[in-house]
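Me: I have a structure to go through with you. Could we take it step by step?
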Protein chains: 2
Amino acid sequence: GAAPAIVQAQANIRWRLASSFPKALDTIYGAAETFSKKVSEMSGGKFTISVHAGGELMPAFGVVDGIQNGTVEMAHTAPYYFFGKDETFALACAIPFGLNSRQMTAWMYEGNGLKLMREFYAQYNIISFPMGNTGAQMGGWFRKEIKTVADYKGLKFRVGGFAGKVIERLGGVPQNIPGGEIYQALEKGTIDAAEWVGPYDDQKLGFNKVAPFYHYPGWWEGGPQLDLYVNTKAYEGLSSEYKAIIEAAAAYAHTDMQAKYDARNPEALKQLVAAGTKVVAFNKAVLDAAFKEAMGLYADLSAKNPNWKKVYSDYANFRRDQNLWFRFTEAQFDRYMQSAKL
Amino acid sequence: GAAPAIVQAQANIRWRLASSFPKALDTIYGAAETFSKKVSEMSGGKFTISVHAGGELMPAFGVVDGIQNGTVEMAHTAPYYFFGKDETFALACAIPFGLNSRQMTAWMYEGNGLKLMREFYAQYNIISFPMGNTGAQMGGWFRKEIKTVADYKGLKFRVGGFAGKVIERLGGVPQNIPGGEIYQALEKGTIDAAEWVGPYDDQKLGFNKVAPFYHYPGWWEGGPQLDLYVNTKAYEGLSSEYKAIIEAAAAYAHTDMQAKYDARNPEALKQLVAAGTKVVAFNKAVLDAAFKEAMGLYADLSAKNPNWKKVYSDYANFRRDQNLWFRFTEAQFDRYMQSAKL
């Protein structure tokens, strides 16, 4: 039963969160809003966090600087955007032929992922919390079908983040174009292909009208994770209650974002197919060539970047064990269900 | 920045949570402890929940009655245990050839799952929160390999919950035996086979020593979810802050439990195989026969149980769409990674 009420002091706090995403991306941007709402509810409205779209407070790709300088207390981003600062950022998000969504969460929560990434992030005054995953993304929209690895030669391919480094090794020309400008570039033929996310997000941008081939899987994004960044000094100034509230609200938003994608992608895929989209698997030879280049890149990075080497060696061991296990009951159950008449 | 501190009254509360599980099952029992710890942290120690193992406050399978009567404020259980009260309980947990772990979470968070189950649970004075998933379970330990569906005839098979109804239709004899007594029954030959969970939990009970064949997939448990039950009246008496804290703490524990299984199963599987366990897939003919009986059972239940019919029709539509979508990029990415030399 309830004992007599006891009062306790919790400060009123107003923080700002800089998202790297536009509001139109309701799935990803929405995760920060879900987080903010939960923090407010749990604190009785005393801890409020205003969420700002990419570009509003600072450039979409300026959020690491913003946190590091203490310009803003919080950010929500895809860490692989920052591989130019250090390739190790990508390991908190997605690397080609990396962990899938569930495996990534397992590495973060119960493996060494969160611990290792927080050690790395300390130099940027960041404390991080996993906050969202899109699941395995699609391989993107192509004006011409990719039939052999030679089709990557000279291919102008809009691709986000770290994956461009493998595309380059395949002879492609990665293009860094904001979401809102992809359609026009693809229509005009300025680029040959573009990847964005998956059916739900892609459909809204209309790519199917200008590029008929929708390849899969997105071998560079098997389970990209989003991170909540908190400025370390701001975080340390919080009460232990508010620290715990941030962690749990991020966990709620983490789970909810994957659920949103899973719930919304099927209907969008059906509509895209009904509108004439050709959904085509990359063949094994193409995947094998990309896999080989990815592993070559990781070996090169391990030789020259000690941060990468430290985190990647743990990541790679975890990935090997996860795939050993998942190939049994998870894969067989899913395979049966996917072929069943439901 | 921080505004001046404002005091607010939040009551000191002590609640009890009745788990259906033994402490030895650290993965599942542990989720309730994780939940309790997070609630305490977020409330500054004012909202404390003592977690009690199955049998301590009430029988393991008495927790629905305990919540309904208000004997206890909270419980953590596998809803399919209660299919004898109404088969609809199983839809919040697992049914043969049902949703996998991620799909189940998507149905709960973003589909109609949580809404429909809460409507159903209202008659038991329960408000529910998803709190944990084991992932796809293994198919269990068999003294003799299952080679055809005829091998199920007369098979005395220890199996938890609702799945027994399909085992019966295959000619098997489901056995309801608590975890701690399975080993002895299997060793003596009182039963022919037993399923428990997966490598991590199964290894601790030593089944591999008395039954060499470890079948997969556990077609009756592709993604069993655990639920947190809260007595409706107790819940309604909470402040909105505490209600939100329960929801987020349950989400944290939900995600963490799946992560624990994913992180711990691989090593246990390797050790079991090293100790001579024969890991064998059920063949397609066996799965097809089980699938047919499961669908027959669901049609029968829809004809006679309106609660089942209402919830299952939504569940089945969601399952169809999920498997349509997952067979593309998720399945292809996973399949490639599982066959790659990592």
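This is a predicted model: local features need pLDDT of at least 70, side-chain atom pairs count only at pLDDT 80 or more; totals for chains, interfaces and linings use all residues.

Me: How many of the contacts in chain A between residues at least 6 apart in sequence join residues at least 24 apart?
Reply: The share is 79%. That figure covers contacts in chain A between residues at least 6 apart in sequence.

Me: And what is chain A built from, in helices and strands?
Reply: Chain A has 12 helices and 11 strands.

Me: Which strands make up the open sheet of six in chain A?
Reply: The order in that open sheet is E7-E6-E8-E5-E9-E11, and the pairing is mixed. At its edges are strand E7 (173-175) and strand E11 (278-281) of chain A, each of which pairs on one side only.

Me: How do E6 and E7 of chain A run where they are joined?
Reply: They run parallel, and three bridges join strand E6 (residues 156-158) of chain A to E7(A). As one example, A:Lys156 has A:Val173 in E7(A) as its bridge partner.

Me: Changing topic: why does the radius of gyration of chain A agree with a compact globule?
Reply: A compact globule of 342 residues would have a radius of gyration near 20 Å, and chain A has 21 Å, so the two agree. Along the principal axes, the C-alpha atoms of chain A fill a box of roughly 70 × 45 × 45 Å.

Me: What part of chain A is buried, then?
Reply: Buried residues account for 62% of the 342 residues in chain A. As for the surface, chain A exposes about 12000 Å², of which carbon and sulfur atoms supply 51%.

Me: Which residues have the most contacts inside the largest nonpolar core?
Reply: They are A:Phe35, A:Trp219, B:Phe35 and B:Trp219, in a core of 252 residues. In soluble globular proteins, nonpolar side chains tend to be buried together.

Me: What does B:Phe35 contact, leaving aside its neighbours within four places in sequence?
Reply: Its contacts include B:Leu17, B:Ile49, B:Met74, B:Met131 and B:Leu228. B:Ile246, B:Ala249, B:Ala250 and B:Ala253 are also in contact with B:Phe35.

Me: What rotation superposes chain B on chain A?
Reply: A rotation of 180° does so, with 0.0 Å of shift along its axis and an RMSD of 0.0 Å. The two copies are therefore related as by a two-fold rotation axis. The same surface serves both copies, since 100% of the contact residues of chain B recur in chain A.

Me: Now the backbone. Is the peptide bond from A:Tyr216 to A:Pro217 cis or trans?
Reply: That bond is cis, with omega near -5°. A:Pro217 lies in the loop between strand E9 (213-216) and strand E10 (225-231) of chain A. In chain B, a cis peptide bond joins B:Tyr216 and B:Pro217, where omega is about -5°.

Me: What about phi of A:Asn125, positive or negative?
Reply: Phi of A:Asn125 is positive, near 60°, in a residue other than glycine. Most residues other than glycine have a negative phi, and most peptide bonds are trans. A:Asn125 is in the loop between helix H4 (113-121) and strand E4 (126-133) of chain A.

Me: Where is B:Phe97? And is B:Phe97 buried or exposed?
Reply: B:Phe97 is in the loop between strand E3 (74-77) and helix H3 (101-109) of chain B, and its phi is also positive, near 55°. B:Phe97 has a relative accessible area of 1%, so it is buried. A:Asn125, at 32%, is partly exposed.

Terms used. Residues are numbered from 1 along each chain as its sequence is written. Chains are lettered from A and ligands numbered from 1 in the order in which they are written. Side-chain values use heavy atoms; hydrogens and water are left out. A nonpolar core is a set of buried Ala, Val, Leu, Ile, Met, Phe, Trp, Tyr and Cys residues joined through side-chain atoms within 4.5 Å. Buried means under 20% relative accessible area, exposed over 50%, partly exposed in between (1.4 Å probe, protein chains only). Contact means heavy atoms within 4.5 Å. Two strands pair if DSSP finds at least two bridges between them. Helices (H or I, at least four residues) and strands (E, at least two) are DSSP runs, numbered from the N terminus. The radius of gyration is taken over C-alpha atoms; the globule rule is 2.2 Å times the number of residues to the power 0.38. Accessible areas come from the Shrake-Rupley method with a 1.4 Å probe; for residues, only the protein chains shown count as cover. Copies are superposed by least squares on the C-alpha atoms of residues with pLDDT of at least 70 in both.
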